[in-house]
Amino acid sequence: MSVEVRRPDKRMRRVAGILAPLLLLLLTIVAFVVVGAEGSWSFVLPFRGRRLAALVLVGFAIAVSTVIFQTITENRILTPSILGFDALFVLTQTVLVFGIGSSALGRIPPVAQFLGEIVVMVVLSTLLFRWLFGGARRSIHLLVLVGIVLGVFFRSISAFLQRLIDPNEFTVLQDRLFASFNAVEPDLLLISAIILVVTSVVLWRMRHDLDVLTLGRDLSTVLGADHRHLVLRLLIVVSVLVSVSTALVGPITFFGLLVASLTYQITGTHRHAANLPVAVAVALAVIALVGGQTVLEHVFGLATVLSVIIEFIGGIVFILLVTRGTRR
């Protein structure tokens, strides 16, 4: 008598793959809030709550922007940082410190600085996108190439100005250039949350268009999609997400690559109705950030900054993806 062995349903495995990171997320959040907490909870909860909110918002923005950008470029080893957003942020901060000084910059309200940085990055990126996609022969490959060139150009100007800055001013500038989750203004968190909610609604309504883009330019055009205008709209949304994240805490280059790679491993699908919730709602990004911050504080004793650890791990993932030839 033979016994029939049924394989686990693929959908059940996928649900289990989503619930496991969700449970891990809850555990890391509890650990972040509770572990090492001393003194009055009326002080601990608001203090750690603001930092937790910053971690969540940054993880959200980076995860979504990376998944969308990799869909547009049809390449799983590229991130929005290839367009030079990080280099533009560094250049903006360098020009401000060099032009008006750290003392005058400190007197500018944080909200004004935050909104100004977002506007500068979004406006410049939008102008770049419209120029590159203004003609029929423009392509995403040209966009990536121009982004790399502009990134090198921005870094060169920043390096030149930094050599001319007073050493005391340069110390202040260095503090502004490292991603930090420890001193985020509550007003900035509220503004960032509103922007991210609006962009989330826009992207969720475009999730089926994103699925079509995974088929490539030719097939998506045959299916009736206006590929050029669709890519342009998505790139503007990506620029908003990256600008918010970078202006809020500073540049984090390889983190999105790490999150996107884990997301694809869990979902095993190209459907954005699954990939976007896994990258955000299941919060692989938040797990890595919140868990990393907890380990940083209670294991390393804040001997370094979280962005250094993230960049180190993300750089290893990038090297592995390149050596394995992981391409879409």
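These legends walk through a few close-up views of one predicted model.

Some ground rules: since local features need pLDDT of at least 70, and side-chain atom pairs pLDDT 80 or more, only totals for chains, interfaces and linings use all residues. Residues are numbered from 1 along each chain as its sequence is written, and side-chain values use heavy atoms, with hydrogens and water left out.

**View 1**
Helices (H or I, at least four residues) and strands (E, at least two) are DSSP runs, numbered from the N terminus. Reading along the sequence gives α-α-α-α-α-α-α-α-α-α-α-α-α-α. Of the 328 residues in the chain, 45% are buried; that word means under 20% relative accessible area, while exposed is over 50% and partly exposed is in between (1.4 Å probe, protein chains only).

**View 1. Helix 2 and helix 10, packed together.**
A pair of packed helices is described by the angle between the axes and the distance between them. Helix 2 covers residues 41-73 and helix 10 covers residues 227-249; their axes come within 9 Å and cross at roughly 150 degrees. Axes are lines fitted to C-alpha atoms, for helices over the stretch in contact, and angles run from 0 to 180 degrees between N-to-C directions. Helix 2 and helix 10 are therefore roughly antiparallel. The cut-offs: under 35 degrees is roughly parallel, over 145 roughly antiparallel, 65 to 115 roughly perpendicular, and the rest oblique. This crossing of helix 2 and helix 10 is left-handed, meaning that the near helix is turned anticlockwise from the far one by less than a right angle; clockwise would be right-handed.

Helix 3 (residues 85-106) packs on helix 6 (residues 167-177) at about 135 degrees, with the axes 10 Å apart. That makes helix 3 and helix 6 oblique to each other, and their crossing is right-handed. G84 sits in the loop between helix 2 and helix 3. With a relative accessible area of 3%, G84 is buried. V152 is 68 residues from G84 in sequence, yet their C-alpha atoms are 8.0 Å apart.

**View 2. I157 on helix 5.**
I157 belongs to helix 5 (residues 140-164). At 28% relative accessibility, I157 is partly exposed. Between I157 and T94 there are 9.1 Å in space, C-alpha to C-alpha, and 63 residues in sequence.

V119, V120, V123, L124 and L127 make a nonpolar surface patch of about 400 Å². Patch residues have over 30% relative accessible area and no salt bridge, with like charges joined within 9 Å and nonpolar side chains (Val, Leu, Ile, Met, Phe, Trp, Tyr) within 5 Å. A salt bridge is a side-chain nitrogen of Lys or Arg within 4 Å of a carboxyl oxygen of Asp or Glu. Areas come from the Shrake-Rupley method with a 1.4 Å probe, and for residues only the protein chains shown count as cover. V123 lies in helix 4 (residues 110-132) and is partly exposed at 42%. S239, in helix 10, is buried at 0%. S239 and V123 are 116 residues apart in sequence but 9.2 Å apart, C-alpha to C-alpha.

**View 3. L223, out in a loop.**
L223 sits in the loop between helix 9 (217-222) and helix 10. Its relative accessible area is 58%, so L223 is exposed. V212 and L223 are 11 residues apart in sequence, with 8.1 Å from C-alpha to C-alpha.
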